[in-house]
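Subject: Handover of the model and notes

Hello,

Here is the model for you to take over. Please load it first and keep it open while you read my notes.

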2 protein chains.
Amino acid sequence: MRLLARNSDPLYVRLAAEFRRQIDGGVLRAGDKLPSIRALKRGRRVSTATVTEAYLRLERDGYVRAQDRSGFYVAQPPARTLPEPHVPNALVPPVPVGISELVAEVLQQTGDAKLVPFGVSTLSSSLLPTARLNRAFRRAATRWPLHSATYGSIRGHMPLRRQLARRALMSGSACDPDDIIVTSGGMDALNLALRAVAAPGDVVAVESPTYFGVLNVLEGLGVRAVEVPADPRSGIDLALLDRTIRRHRVKAVVVMTTCHNPLGSVMSDAAKAELVALTARHDTALIEDGVYAELVYDETYRRPAKAFDRKGLVLFCGSFSKVLAPGLRVGWVEAGRFRDRVEALKGLTSFVTAALPQLAVAELIESGFYDRYVKRLRIRVADQTSRYIQAFSTVFPSGTRMTRPAGGNLVWVQLPNGADGSLLYRRAREQGIGIFPGEIFSAGAKHREFVRVSCGAPWSPAIERAVAALGRLSCELAREPRT
Amino acid sequence: MRLLARNSDPLYVRLAAEFRRQIDGGVLRAGDKLPSIRALKRGRRVSTATVTEAYLRLERDGYVRAQDRSGFYVAQPPARTLPEPHVPNALVPPVPVGISELVAEVLQQTGDAKLVPFGVSTLSSSLLPTARLNRAFRRAATRWPLHSATYGSIRGHMPLRRQLARRALMSGSACDPDDIIVTSGGMDALNLALRAVAAPGDVVAVESPTYFGVLNVLEGLGVRAVEVPADPRSGIDLALLDRTIRRHRVKAVVVMTTCHNPLGSVMSDAAKAELVALTARHDTALIEDGVYAELVYDETYRRPAKAFDRKGLVLFCGSFSKVLAPGLRVGWVEAGRFRDRVEALKGLTSFVTAALPQLAVAELIESGFYDRYVKRLRIRVADQTSRYIQAFSTVFPSGTRMTRPAGGNLVWVQLPNGADGSLLYRRAREQGIGIFPGEIFSAGAKHREFVRVSCGAPWSPAIERAVAALGRLSCELAREPRT
């Protein structure tokens, strides 16, 4: 959690930072009541929204707690805050990827509505704007009645590309609609981006841990992966990345700069700029996987590495699956100098993307709804994830470590005593709880003592019971002799 | 054109066959008036629909012509019917595929609404049920409001799989909904089916000519293709296929049994059964590309090779792009014993398919609309294509050969004097006419003297002018010295 706010931060971020300083400095103590929203609004001449957002942030970070109809109070410091995982800093050789069998097994959870949803990384449907999305589908079909009567352009439908270009401008990576290639979801985007820059036998650098989907694509392509450690706070280790690129002929680097899966890390603007400069020095393509980027808790960190790209070497991959609706299958690549190659590959492999979902998304963005919705969603996801983390701190065995994400709904949990995350995954599944084993997030079968837990479902008594059950299973496992 | 009808054929097929025999035998001569629909209906005690369909078939085949408000008359025999292309019958060695650069260039036509649409193989939007499809989208969104709020199953949504299984039963290839894997269009289906059965370095047998998309997938996979000649009437040469499989370690065979692209051929049931028996003897997988199968003019030939599959070695690939709407991106694989492998590969590559298009298609089939629509569409496509073929016969240079398709909207034209189809493709494009060059339908750069012409747009003065322009370009080309 970043304690210092900058002048460029929104007002509510600065306001929350002021309170944090007072609480950390002992000016406000556990049990003290915070000023009422109305009082603070008047006293500081700020809007209700600003005060509310500031207080919700403080609550999310565990500084204050809300009491029904009474207001906000300074919280007790958590009895036990679990430390963050340790990051190794060794260089490793490239390895062929071979994890797809376990991934295929794990992914069978995808359609299983009966499992407690700590596995698949999507948000609960109750957080998603389903009614508004259906209205967007109707409006799009009325406005473009012949939407599906032709293939349309391989690049995707212009109304969506125009909106994506407009949003890219807002986040600092200005581009033309023609620079954007719409894809059938984020997986298709990654697939096309990786195929555009790497061929069988090549070496691609990935973060460790990284999203297993990247590893699957590399496995399918026959590309070797070289893993570079990523820190739960600051992201990929830039010094080690530099040495890795120097040592191996690295064709491309895949980095989740904003809301890493599974770490939840968000790189600072300075680190993003340095990452782009570093890869540009080596003339190496940088694939920026930004499918969770909208879920960054502090939107001042939204800017992608692509915004610092001067040589057209960054391929930004986005998706609406994690934010709007997983079943839409609408993603995109902003591919810089690789644009024509990505387009050609799309024509030869996945071909055009379904029309009406593209146009429905375009309508949602154009109407202004999407931006308002994402702002609200960020806060809800932050609150919800914080609630899970608090609960984990009380149920997991002593010695457990876990991340404190700066965005997204994923927590990366390191079990103590080298307990086997894949075993926990299997036992949890037997009890109807879906989690993802850590080893699928590595090309080289690292991270076996980890599991990834998704906090996509709103907190409820049923979720609380499932978290407790997961904690019990972990405690049993941590006590068992290591095999 | 099949002259003999069997007792198992529908009544209108048998009725049309009777008239053909009379015309061919000279009983009815050019200019003779056929019985009025009412008279025949009474005389034969058949329905109006039966008589109408029989007459429309005769008209399509050039046997009769309709005269407004007057009835049907026996037509003049066409002044000049172009012969069908010659098929070589030599065995060839497997070759690595390398056509994707030209294909990528050709596919840029896909989104170009200004080109005369003789290239991309889709039907004109005026033939497609766009209003009914939009109603289906609305109904599906109302019935399943949370359609896109989760990923759903990798196999696809159950309402669609249930309808696909029901239709498979009707066409003789009974299967369970769980045997069907929904895909993001026909290209995704072929991709998954080929990946499921072949690995880099393997040999896969394809028809010559064959759909370039199959060749692209093989190129992407690093699989070598061995080409087996296919006849414009009877389809793949089974004797040569047998010798090819014996000679090379063929991992799979890809065949378009019903409405071949680009030949328009439809294999008989006996040939389909023999094809399945032959591949089964060698334990070779058979990928049946059935994306045009619904467009077979004579629906008695609808039955897929999959219907004769006893060992689970046939992977049937279908799609709604050619029949219902290209921009839907809904296809499927009925993968037999490879089902689990196809499902796992889908999870690792293309991932889940967009939800609402699947559910809209399910609604269209369930309501009964789809079956009625396809019946009408077959006749319209047959009529329209016949019209193009008649026009081609008068404008193409002497010595031209072309197919007489038994299904679909594609005509495969062989230019005389070895004129270069790729050159015709480029010159036509300069004049705003899209056609596809023959060489992309071969792994080994065969078929250079061919072009594929799509007859997807309804006949009109503008189309007539474009056909005439294409004829002129071809005549110029045929007169030029060969380079």
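This is a predicted model: local features need pLDDT of at least 70, side-chain atom pairs count only at pLDDT 80 or more; totals for chains, interfaces and linings use all residues.

**Chain contact**

Start with chains A and B. On chain A, 50 residues are in contact with 50 residues of chain B. Several helices of chain A give two or more residues each to the side that touches chain B: α4 (100-107), α5 (130-143), α7 (186-197), α8 (212-221), α11 (339-348) and α12 (355-366). The largest share comes from α5(A), with six residues. By residue class, this side of chain A has 25 nonpolar, 22 polar and three charged residues.

**Cis peptide bonds**

Check the backbone next. A:S208 and A:P209 are joined by a cis peptide bond, with omega about 5°. A:P209 sits in the loop between β6 (203-208) and α8 of chain A. In chain B, a cis peptide bond joins B:S208 and B:P209, and omega is about 0°. The loop that holds B:P209 runs between β6 (203-208) and α8 (212-221) of chain B.

**Positive phi**

A:D283 is not a glycine, yet its phi is positive, near 55°. Look for A:D283 in the loop between α10 (269-281) and β10 (285-289) of chain A. Is A:D283 buried or exposed? A:D283 has 9 other C-beta atoms within 10 Å. The cut-off for exposed is 12 or fewer, so A:D283 counts as exposed.

Chain B has its own entry here. Phi of B:D283 is near 55°, again a positive value in a residue other than glycine. B:D283 is placed in the loop between α10 (269-281) and β10 (285-289) of chain B. B:D283 is exposed too, with 9 other C-beta atoms within 10 Å.

**Strand β9 of chain B**

Now turn to β9(B), residues 250-255. Five of its six residues are buried, so the strand is largely enclosed by the rest of the structure. Which strands does β9(B) pair with? One of them is β6(B), in the parallel sense, over four bridges. In that pairing, B:V204 stands opposite B:A252 of β9(B). Another is β10(B), which runs parallel to β9(B) and is joined to it by four bridges. There, B:V253 has B:L286 of β10(B) as its bridge partner. The chain goes from β9(B) through α10(B) to β10(B), and this β-α-β crossover is right-handed.

Over to you.

Best regards

Notes:
Residues are numbered from 1 along each chain as its sequence is written. Chains are lettered from A and ligands numbered from 1 in the order in which they are written. Two residues are in contact if their C-beta atoms, placed from the backbone, lie within 7 Å. Ala, Val, Leu, Ile, Met, Phe, Trp, Tyr, Cys and Pro count as nonpolar, Asp, Glu, Lys and Arg as charged, and the others, Gly among them, as polar. A residue is buried if 20 or more other C-beta atoms lie within 10 Å of its own, exposed if 12 or fewer, and partly exposed in between; C-beta atoms are placed from the backbone. Two strands pair if DSSP finds at least two bridges between them. A crossover is right-handed if, with the strands pointing away from the viewer, the path from the first strand over the helix to the second runs clockwise.
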